[in-house]
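This report goes through pockets, nonpolar cores, salt bridges and backbone features in turn. Please keep the sequence and the structure in view while reading.

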Amino acid sequence: MILTIDVGNTNVVMGCVEDGKIVCRSRMATNPNDLSSDYALKMRQSLEFEGIDFRSIDGAILSSVVPQLSLAIKTAVKKLTGLDCIVVGAGIKTGMNVKIDDPGTLAGDLITGAVGAAALYKPPLIVVDMGTATTVVAIDRDGAYIGGAIVPGVKLSYSALASGTSLLPNISIEAPQRCIGTNTVDSMKSGAVFGTAAMIDGMIDRMEAELNMPVTVVATGGLSGSIIPYCRRRIEYEPDLLLKGLAILYQKNAKHKK
């Protein structure tokens, strides 16, 4: 069984993968102030809650967009399982050609999602990941990662809007009944959901035009479930895309054993 860990700016998502199937998943808040012992305890509690014996874990892999947490969580995995955790980063084997200006700067979550999508669907692909930031990346017909776009995440954007204005409140990210809002809250919800969905559709159209051929679009991330249903493009929803990608990357790079 492989322990896969995706460290985001808001949440740490942990999953166990066995024979290519995700057998459990859990989520904990990202806290840069937590120590490795804190994360080791949280991981053990999460695994026990899911009925997983941590001693049955044979390997571990980590992708992180919070550099200051990478060492703490890698150490937590070592304390809990005795395993050296693989960390997605420069030099890792991905099996994917990365055609950007400086491949060494590519964030671990972006390549992980791309690898996961390419394993599930035939390129060319566009992969949308909606979390603290919204990322839209392109994979060409040859399966190469060629770049993408980064947009402030919808929840982050509207939290900033509420904190930076006197009259606009914090809102939940959910669709109102109509696009034309008749009050402040519904107007903000319309912008958050329908506006973001329109942006996603528009970015897909532009990237597809640059690729010059039809694409398959794959979406993941904690906020995708609230936005993707309102997109007009057909989009495949894969909530566990990064965990699946991490399991694939583990198999390509596994060198560490108990």
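## Pockets

A pocket here is an open set of grid points with protein on both sides within 12 Å along at least five of seven lines. By that definition, the second largest pocket of this predicted model has a volume of about 190 Å³. Its lining is made of 14 residues, and those nearest its centre are Val-17, Asp-19, Gly-20, Ala-247 and Gln-251. At least two lining residues come from each of strand 2 (11–18), helix 3 (108–120) and helix 7 (241–253). Helix 7 supplies the largest share, 4 residues. Sorted by type, the lining of the second largest pocket holds 7 nonpolar, 3 polar and 4 charged residues.

By type, the lining of the largest pocket consists of 19 nonpolar, 15 polar and 7 charged residues.

## Nonpolar cores

In soluble globular proteins, nonpolar side chains tend to be buried together. In this model, the largest nonpolar core has 27 residues. Leu-3, Ile-5, Val-7, Tyr-39, Met-43, Leu-47 and Ile-73 have the most contacts inside this core. Two or more of its residues come from each of strand 1 (2–7), strand 2, strand 3, helix 1 (36–49), strand 4 (59–64) and helix 2 (67–81). Helix 2 contributes the most, with 6 residues.

Val-7 shows what such contacts look like. Leaving aside residues up to four places away in sequence, Val-7 touches Val-12, Leu-62, Ser-63, Ser-64, Val-65, Val-66, Leu-69 and Ile-73. Another core lies apart from the largest one and has 26 residues, among them Val-136, Ala-149, Ile-204 and Cys-231.

## Salt bridges

How many salt bridges does the structure hold? There are 10 salt bridges. One of them joins the side chains of Asp-205 and Arg-233, at 2.8 Å from N to O. This pair links distant parts of the chain, 28 residues apart: Asp-205 belongs to helix 5 (residues 184–211), while Arg-233 is in the loop between helix 6 (224–227) and strand 10 (236–237). Asp-205 counts as partly exposed, because its relative accessibility is 40%. Arg-233 is also partly exposed, at 21% relative accessibility, and the cut-off for buried is under 20%.

Glu-236 and Arg-234 form a salt bridge too, with their closest N and O atoms 3.2 Å apart. Glu-236 is partly exposed, with a relative accessible area of 22%, whereas Arg-234 is exposed, at 69%. Asp-53 has a relative accessible area of 36%, so Asp-53 is partly exposed.

## Backbone features

Which residues does a cis peptide bond join? The bond lies between Pro-123 and Pro-124, and its omega is about 5°. Pro-124 is in the loop between helix 3 and strand 6 (125–130).

Asp-19 is not a glycine, yet its phi is positive, at about 55°. Asp-19 sits in the loop between strand 2 and strand 3 (21–29) and is exposed, with 77% relative accessibility. Asp-19 is also one of the lining residues that lie nearest the centre of the second largest pocket.

Asn-212, likewise not a glycine, has a positive phi of about 65°. Asn-212 is placed in the loop between helix 5 and strand 9 (216–220). Its relative accessibility is 68%, so Asn-212 counts as exposed.

How values were computed
Residues numbered from 1 in each chain as written. Predicted model: local features only at pLDDT ≥ 70, side-chain atom pairs only at ≥ 80, totals over all residues. Heavy atoms only, no water. Nonpolar A, V, L, I, M, F, W, Y, C, P; charged D, E, K, R; others polar. 1 Å grid on protein atoms, 1.4 Å probe; cavity = no way out; pocket = protein on both sides within 12 Å on 5 of 7 lines; lining within 4 Å. Points joined across faces, edges and corners; volume = space filled by probe spheres on them. Salt bridge = Lys/Arg side-chain N within 4 Å of Asp/Glu carboxyl O. Buried < 20%, exposed > 50% of the residue type's maximum accessible area, 1.4 Å probe, protein only. Core = buried A, V, L, I, M, F, W, Y, C linked by side-chain atoms within 4.5 Å. Contact = heavy atoms within 4.5 Å.
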